Amino acid sequence: MKDIKFICTTLLLILLCFSLGAQKAYVDPENTMHSIANIDDVFTPYVNPSLLGISFADGIGFGTSYDEEDTYKQHWIFFAPGGFAYTYENRNDVSYHNLAFGNPLGDGPISKNIHIGTRYSWRNSKFSKSWLRSGVTIRPHNSLSLAMVWDNPYKQSPAYRFGASIRPLEFLNSNLAHRLELSADVNYNRDPLVVNAKREFKNPLLGINTEIVNGLKIGASYDLDSKDATLGFSLRFGKVNLGNHILKPDKGDTYTVDYAQIGTLDYKPFLGIAPRKWHNMKLSGSIVSYKTPTFSVGPFTVFDSTTRSVEEVIGELKKAAQEPGVEGILLVNPSFATSFALMQELTRAFEAFKATGKHVACYYDNLSNGGYVFAAPIADKIWLNPMGILDLKGLAIQSPYFGDLLSELGIEVLNFRSHRYKSAGNIFTESSITEAEREVYDSILQTYLDQFIAQISKGRAGKLVGSVEAAINEGPYFNAQDALAKGLVDGLVYQDELPELLKAEFGFKKQSKQLANYHDYNWHKKPAQKIAAIYAKGNIVMGKGKPGKTIAAETTVDLIRKARKNPKYKGIILRVDSGGGSAQASDIILRELALAQTENKKPVVVSMAGAAASGGYYISCKADKIVAEASTLTGSIGVIGLGFNTERMFNKIRINWSTVKKGENADFPNPFRSWTDTEKQRMTDMIELIYEGFVGKVADGRKNLSLAQVHEYAQGRVWSGKQAYDRGLVDDLGGMDKALEHMRQLTGITGEIQLVDATSKEDAIEINMKPISLTKAFVPEMALEIEDSYKQVYELWKQYEGQNALMLCPVQELILDF
């Protein structure tokens with residue numbers, strides 16, 4: 001295959017180099033070589049600028065023409081970055097410049113299939129003495145393309161051309177539609193040699209294009225008016241298009257046009273031949289539910305290149321599943337951090353990839369606890385370095401308690417909570433874990449462990465020696481031979497042995513790090529109903545904030561309001577990844593979502609990621625459908641409030657506070673004195689009031705649960721997604737794909753659905769950069785971790801400053817290193 005491409009490229013370059021000479025006449029690419037309705041190469045700016053918006057016109061190119069005596073006639077240089085083109089043409093030392101623009105009319109179901117464009121041309125430096133060619137193309141169906149162009153020459157009468165092209169195979173098999181195209185073009189103009197001539201329709205130009213096998217395109221046309229004939233031939237492979245046109249006029253010499261084009265997208269595999277290969281997929285850094293921009297400058301939005309969204313990774317998997325030649329995914333030392341919930345979403349995507357008959361193989365120098373749970377259900381083979389460690393060992397949660405320290409310092413922390421399970425403030429008041437906390441942690445860890453076992457059993461059943469439980473309890477495995485003997489891995493190999501091992505096990509070893517981006521061969525773009533995706537990630541706070549960092553009430557409400565009032569959106573999917581926060585901010589956001597359902601009649605579906613607990617569940621509870629992963633942390637329906645009394649601390653350091661006030665409660669709350677019983681009771685009453693409102697809103701949103709049932713499942717209790725599903729707190733288990741299924745049912749959409757990111761900045765130019773930190777070069781890692789911890793505490797303090805009641809989950813989502 002490489003030899004064929006090399007030979008073709010070399011022949012064309014030789015042809016172009018030796019075709020230079022003196023010029024006597026020239027070829028008119030506008031009207032002689034192509035139909036205006038199906039042009040799809042570098043000459044698109046000349047023939048029909050309205051089709052510049054299609055990907056086949058993109059790229060850079062060079063063309064030349066010569067006669068029967070191999071005498072050079074003219075040459076072209078093309079530059080078309082997408083929707084815009086500049087073309088330079090030289091005829092007998094006369095320079096012609098062309099600027100062209102073309103794009104679909106819009107993004108609607110009709111407007112996306114109407115293309116408009118124009119070309120502005122001038123000779124040498126005579127910019128003012130220009131002429132125009134404008135065009136419009138309509139593609140109402142994948143089998144039909146209708147086009148019109150009109151020329152406005154300098155100080156001459158306008159001329160018009162109409163064209164139509166059909167793809168008859170569309171009615172037999174849409175995948176074969178592009179294999180055959182029939183076209184007819186008709187000119188409508190005056191005879192320039194006749195004075196005061198009337199416009200009239202000329203005899204048509206008839207054409208045919210065929211692509212019997214991928215990359216080998218042959219076409220011909222015959223002009224019934226001028227009796228001219230054209231034969232076209234092109235080779236298309238990778239991003240390269242090499243073409244040749246032979247023009248045989250009724251009278252005169254035969255002309256040949258050669259051209260080469262390097263585009264931005266790939267053609268289908270040449271001759272349908274795609275060698276079997278592995279996609280060497282890189283999984284590193286962090287995988288998150290929403291990728292937060294690092295910063296924005298004008299139209300540019302900069303992202304951390306070490307962070308990827310889970311949807312981005314799943315998109316890569318879907319692309320690999322569809323690419324010819326890719327028979328497997330190879331993961332070499334994948335190392336990434338994500339929540340258990342997002343890992344489950346990734347696992348299903350890998351399983352969908354394998355369902356197409358393709359393979360997954362993994363190699364590790366060392367294999368982490370979470371990494372094994374990820375690899376076990378998806379990998380056909382797991383290979384470990386002979387000196388590697390398999391750190392399979394189960395799960396544990398550790399938490400510090402500062403109650404004794406704060407008491408010793410003279411700081412009294414008042415921990416107001418709706419119920420004993422609402423324990424987010426316990427780290428400030430308790431000396432150690434409470435029984436209620438231990439009960440919750442034990443329940444969560446057990447359901448996670450059950451899911452660990454299920455994941456491992458799915459892929460290693462029949463390979464393990466003994467039970468999965470025993471394998472976990474006997475870990476970690478510092479001796480790789482023990483892991484092999486236990487059946488946890490399939491072999492002990494060094495990384496450089498992988499190619500031959502892949503060949504022996506699967507029959508192919510070629511690897512590729514890049515996936516092809518193929519042209520869309522369809523003429524007609526199917527209308528897609530749009531669904532707005534709003535990402536709510538972080539702590540819920542009042543005011544404004546950056547999406548992905550916090551769920552700021554003002555910012556989030558603005559996003560929801562824009563989406564619910566935009567008629568192009570048929571529904572809203574709220575992607576929640578939050579342990580909660582401000583009760584007031586949560587209520588403001590919930591109200592705006594309810595307005596989308598009542599005022600705008602748009603369904604709302606919530607997709608829960610790693611966590612959607614407490615305030616995160618509050619903003620979700622009235623959705624038409626709630627979807628969670630089995631390991632999502634959710635529930636925690638309850639309220640807490642924290643108060644501080646530093647009177648003893650200031651007494652110790654001999655600082656005295658005095659107060660002058662007008663109004664009985666003017667200094668409430670006061671952190672510099674003890675709270676009165678009345679003040680404590682008022683705080684307790686507020687917590688109870690907000691809790692009752694929380695439970696009432698959940699009961700109102702969850703039609704399947706009574707108020708008594710909601711209260712039974714509430715009381716601050718944290719549930720896994722599976723436990724919440726069993727209790728009716730969520731409707732289904734799954735990720736964004738499952739949420740889209742429910743949205744389709746709610747909206748009644750039967751056609752294509754387009755999920756639109758309604759959170760990020762529209763039309764932004766994305767730049768991915770690896771973060772550079774000089775601090776890390778000079779400061780020890782431990783010091784940086786301590787700094788980060790203090791920074792997080794400070795940010796929390798600032799976020800919740802002035803908030804008396806909080807809806808916070810006491811259990812943090814499980815972030816694992818895979």
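Is Lys-661 buried, partly exposed or exposed? Lys-661 is partly exposed, because its relative accessible area is 38%. The cut-offs are under 20% relative accessible area for buried, over 50% for exposed and in between for partly exposed (1.4 Å probe, protein chains only).

1. Basis. This is a predicted model, where local features need pLDDT of at least 70, side-chain atom pairs count only at pLDDT 80 or more, and totals for chains, interfaces and linings use all residues. Residues are numbered from 1 along each chain as its sequence is written, and side-chain values use heavy atoms, with hydrogens and water left out.

2. Lys-661 and its partner. Lys-661 forms a salt bridge with Asp-667. Their closest N and O atoms are 3.3 Å apart. A salt bridge here is a side-chain nitrogen of Lys or Arg within 4 Å of a carboxyl oxygen of Asp or Glu. Asp-667 has a relative accessible area of 13%, so Asp-667 is buried.

3. Other salt bridges. By this rule the count comes to 40 salt bridges. Arg-308 and Glu-312 make one of them, at 3.5 Å from N to O. Arg-308 is buried at 15%, while Glu-312 is partly exposed at 36%. Arg-561, Arg-564, Glu-592 and Glu-599 are linked in a salt-bridge network.

4. Arg-91. The side chain of Arg-91 meets that of Glu-89 in a salt bridge, 2.4 Å from N to O. Arg-91 is buried, with a relative accessible area of 14%. Glu-89 is buried too, at 1%. The charged end of Arg-91 also sits over the ring of Tyr-96, 4.2 Å from the ring centre. "Over a ring" requires NZ of Lys or CZ of Arg within 6 Å of the ring centre and within 35 degrees of the ring normal. Arg-167 likewise lies over the face of Trp-523, at 4.1 Å from the ring centre.

5. Aromatic pairs. The whole structure holds 25 aromatic pairs. Rings of Phe, Tyr and Trp (its six-membered ring) pair if their centres lie within 6.5 Å; planes under 30 degrees apart are stacked, over 60 edge-to-face and the rest tilted. Phe-43 and Phe-78 are edge-to-face, at 5.2 Å centre to centre and 80° between the planes. Both are buried. Ring pairs link Phe-43, Trp-76, Phe-78 and Tyr-259 into a cluster.

6. A stacked pair. Why do Tyr-290 and Tyr-535 count as stacked? Their planes are at 25° and their centres 5.0 Å apart, so the pair is stacked. Tyr-290 is buried at 5% relative accessibility, and Tyr-535 at 9%.
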